Amino acid sequence: MTAIGAAPRLRAAARPWAPRSQAFAAALAVAASAELLLVRVGSRTAIHIPALPALREPYAVLTAIGDGALLLAQALAIVTLWAIATEGWSRGDRRGAAVAALVAVFAGTAAAARLAWGPPVLWQAATLALITALAAAALGGRATAPLSCFAAAWLLLGGHTVIQGLGFDPGRAGRWMLWLGEAAALALPLAGVAAARPAGVRAWLAAGAAAVITGILMSGPSGWTLRFLTLWNLGLAGALPSFAYAVAAGTGTATLLAVRLQAWVPIALLVAAGLGLHNTYQSALAVAGLALLVLAEPPVGETQ
Amino acid sequence: MRGSFAAAMRKRGWRFVLGTAAVLVIAGVIQWTNVKPAETQNLMLFAYEADRDPGLDPGSPVWERAQPVQVPLSGQAATYAAGGGSVPVVSVRAVHYRGTLYVRLEWDDATADTSSYRPEDFADAAAIEFPAQAATTIPSFCMGQPGAAVNIWHWRADSEQQLALPTEQYPNAVVDLYPRTDDLFFTARAAGNPYALNTSPVQNLVAQAFGTLTPAAEQTVRGHGVHTAGKWQVVFARPFAAADPELATFGPGTKTDVAFAVWDGSKDERDGMKSVSQFITLSISGAPLPGGGRLEWPWVVTAIALFLGLSVIGLALGWYGYRDARRAR
């Protein structure tokens, strides 16, 4: 390889994901993760702690911080999507332009849903298609298998909602959609570990510890609490055997330890988004995370 | 310090400054106007206005025209006694007629457990939960929370039945007749215990956290359940308006949250051992219940076209990326 030929490749290697959106996306990932932990998990479970009257002040402080994180995350989601769209558009390649267009369409569907224009199922279907389209657009690299699992889980769980919104009774097929969606979600970290190929004893020790702890928790009385939290926050009913969740927790931990630090922002956004249709804020997190993964691929001219 | 700030400004550029300002302005607008930019996208249960009274009959033809929604259920997890989860899904329909909301639940259950006479018997049951009208935020679906109460309609299969004589359950028992029938000697009845009064198979309850579940002052919820062909079908009905701020209120053109719970007595489910759902959205429409088919084909076709169109863009992009990756190798 000549020095002239190596230059674009080096430039591409040094390129972080979506450099112009980087600061806002990172801030959104932090705010959304804080909101997930403090509002969706913390405040909803802490209210059931028997000794809560004694802990009322710390609980109030944490709830206030969580509410602030939610407020900030909503504002950041709007600005981050704008930054991602302008960045995609200004890249000058088809992939960037398509990301900009898909993000713009999502903004339109979220606004239409909020303003109650037309039946809600129209915007649910559009959101579901946008998210699977963005997941498909990010295919081609090493993350193809986990992204396929993510898209399949979204399609099955979100499709269960959309089909009913259209007026169809999914019947027994609906239950299969939920179970298969759950299976695809659990296969996601398994595919992730195959793609990330974690090396080193430390990653596998952490993975083993996570799997054992999850397995013990899921099998014991607190397993119901975990299922409750996965249903509420991720849209998973916890209907499969505990063993499957333990494996997913272990492989998920190993994957997270193996990916580059830069990948943590889109991963955090996708985790905070959950699976399936919940609300336009969580859908926006999924759109932002997937758009960042698409933009992480450099423009065509820089790869050749 | 000033130099490093200037360097950071040069490095980040005006986009960063404008973006940060935009975040602060948007957050400020959301905070001060209390207008939430996000909209729910989960399951929607629509209640249209029926042209005739469905009554409490789960077999009323009105229900055939109401669109069902299948709500996923999971085991109850948040507190002891935790468990349940034997019923994976409940099918729900809703209509309204002359200011009364009707909700019909249907779920698979091979056995009709209608007695809780013996200590080892538990009755089948179902419940619907709404946020109280006075709730300042969406309450926890687990019995609500302080400042955000929930209103629960609880139907029990054993409340549909007249109390059986002890000799029906224990044929060899000898039971003396009680000499008095006035309330003074039936303490639960005298205290106004709704279960002892048994005026309706549905209890109207309110709660603000675990351990606070109590009968509401107004017992205005009616209901009736029928077990047929391995399924329970239970209808709940209540007028839209309620004076008590701890109760839910309804009206055409309004939305509220609603969650469901089901107990299977033959699986020893009782108390907190039940199958529960998350909140879904109940939308009460002022429009009449569609007459014939349930599908609104123009919207179905539009939604499918939108879905397919956007999916094609994604597939094309995926193919483009795949081809690009192959070329790069």
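**Exercise 1. Describe the surface and the overall make-up of chain B.**

Solution. In this predicted model, the accessible surface of chain B comes to about 16,800 Å², and carbon and sulfur atoms account for 59% of that area. Turning from the surface to the interior, we find that 44% of the 329 residues of chain B count as buried. The secondary structure of chain B consists of six helices and 14 strands. Finally, among the contacts in chain B with a separation of 6 or more, 67% are between residues 24 or more positions apart.

**Exercise 2. Decide whether Thr256(B) is buried or exposed, and list its contacts.**

Solution. We begin by locating Thr256(B), which lies in strand β12 of chain B, a strand covering residues 254-263. Its relative accessibility is 17%, and because buried means under 20%, Thr256(B) counts as buried. When neighbours within four places in sequence are left aside, Thr256(B) is in contact with Phe130(B), Pro131(B), Phe250(B), Ile280(B), Thr281(B) and Leu282(B).

**Exercise 3. Work out how helices α6 and α12 of chain A are arranged.**

Solution. Two packed helices are described by the angle and the distance between their axes. For α6 (residues 144-165) and α12 (residues 280-296) of chain A, the axes come within 13 Å and cross at roughly 155°. Because angles over 145 degrees count as roughly antiparallel, α6(A) is roughly antiparallel to α12(A). The crossing of α6(A) with α12(A) is left-handed. On the side of α6(A), the contact is made by Leu147(A), Phe150(A) and Trp154(A), while α12(A) contributes Ser283(A), Ala286(A), Leu290(A) and Leu293(A). Sorted by class, this contact has six nonpolar residues, one polar residue and no charged residues.

Notes
Residues are numbered from 1 along each chain as its sequence is written. Chains are lettered from A and ligands numbered from 1 in the order in which they are written. This is a predicted model: local features need pLDDT of at least 70, side-chain atom pairs count only at pLDDT 80 or more; totals for chains, interfaces and linings use all residues. Side-chain values use heavy atoms; hydrogens and water are left out. Axes are lines fitted to C-alpha atoms, for helices over the stretch in contact, and angles run from 0 to 180 degrees between N-to-C directions. Helices (H or I, at least four residues) and strands (E, at least two) are DSSP runs, numbered from the N terminus. Angles under 35 degrees count as roughly parallel, over 145 as roughly antiparallel, 65 to 115 as roughly perpendicular and the rest as oblique. A crossing is left-handed if the near helix is turned anticlockwise from the far one by less than a right angle, and right-handed if clockwise. Contact means heavy atoms within 4.5 Å. Ala, Val, Leu, Ile, Met, Phe, Trp, Tyr, Cys and Pro count as nonpolar, Asp, Glu, Lys and Arg as charged, and the others, Gly among them, as polar. Buried means under 20% relative accessible area, exposed over 50%, partly exposed in between (1.4 Å probe, protein chains only). Accessible areas come from the Shrake-Rupley method with a 1.4 Å probe; for residues, only the protein chains shown count as cover.
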